[in-house]
Amino acid sequence: MTNRNDRAVVICERLQELGFRREQYVKLYGEEFHLLSDPVPDGEGFAVEGTSRTSKAVRRVRIPLSLVHTVKKEFALDREPEMADPVAV
């Protein structure tokens, strides 16, 4: 069984591969952010810290849950391939 902290680390790494990492620019919720941190667990989701182009104040912004759920599904399929393909033995 996979430890919850291990899952969070793997999900954070995947989110970084998708562009949610320090020193990147992303558009979230209609604003462009310069990210100052890598993703971190935040409640049931994940968040990054960054500054928006308009305010320059450091803010913590949650990564959209739809993206987090997609990454969690990828992780589940990678960890248990026999569950994804019931014919494989």
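Predicted model: local features only at pLDDT ≥ 70, side-chain atom pairs only at ≥ 80, totals over all residues.

**Starting from one histidine**

Visitor: Is H34 buried or exposed?

Guide: H34 counts as buried because its relative accessible area is 18%, and the cut-off for calling a residue buried is under 20%.

Visitor: What does the side chain of H34 make a polar contact with?

Guide: The partner is the side chain of E23, at 3.1 Å. If you leave aside the neighbours within four places in sequence, H34 is in contact with E23, Q24 and Y25, and also with E49, G50 and T51.

Visitor: Can we zoom out? How many helices and strands does the whole protein have?

Guide: The protein has three helices and five strands, and when you read along the sequence they follow the pattern α-β-β-β-β-β-α-α. Of the 89 residues in the protein, 28% are buried, while the exposed surface comes to about 6,300 Å², with 52% of that supplied by carbon and sulfur atoms.

Visitor: Let's go inside, then. Which residues of the largest nonpolar core touch the most other members?

Guide: That core has 15 residues, and the ones that touch the most other members are L15, F20, F46 and I63. The elements that give two or more residues to this core are α1 (4-17), β1 (25-28), β2, β4 and α2 (65-79), and the largest share, four residues, comes from α1.

Visitor: Take I63 from that list, what is I63 in contact with?

Guide: Leaving aside the neighbours within four places in sequence, I63 is in contact with L15, F20, Y29, P39, F46, A47, V48 and V68.

Visitor: Back to β4 for a second, why does G45 count as buried?

Guide: G45, which is found in strand β4, counts as buried because its relative accessibility is 2%. Not counting residues up to four places away in sequence, G45 touches V40, R62 and L65. G45 and H69 are 24 residues apart in sequence, and their C-alpha atoms are 8.8 Å apart in space.

Visitor: Last one, where is S37 found?

Guide: S37 is found in the loop between β2 and β3, where β3 covers 40-42, and S37 counts as buried because its relative accessibility is 16%. A polar atom of the S37 side chain lies 2.8 Å from the backbone nitrogen of E49. Apart from neighbours within four places in sequence, S37 is in contact with R21, R22, V48 and E49, and E49 is also one of the residues in contact with H34, where we began.

Note on methods: Residues numbered from 1 in each chain as written. Heavy atoms only, no water. Buried < 20%, exposed > 50% of the residue type's maximum accessible area, 1.4 Å probe, protein only. Areas by Shrake-Rupley, 256 points an atom, 1.4 Å probe, with all protein chains shown as cover. Polar contact = N/O pair within 3.5 Å; in protein donor to acceptor, adjacent residues only side chain to side chain. Contact = heavy atoms within 4.5 Å. Core = buried A, V, L, I, M, F, W, Y, C linked by side-chain atoms within 4.5 Å.
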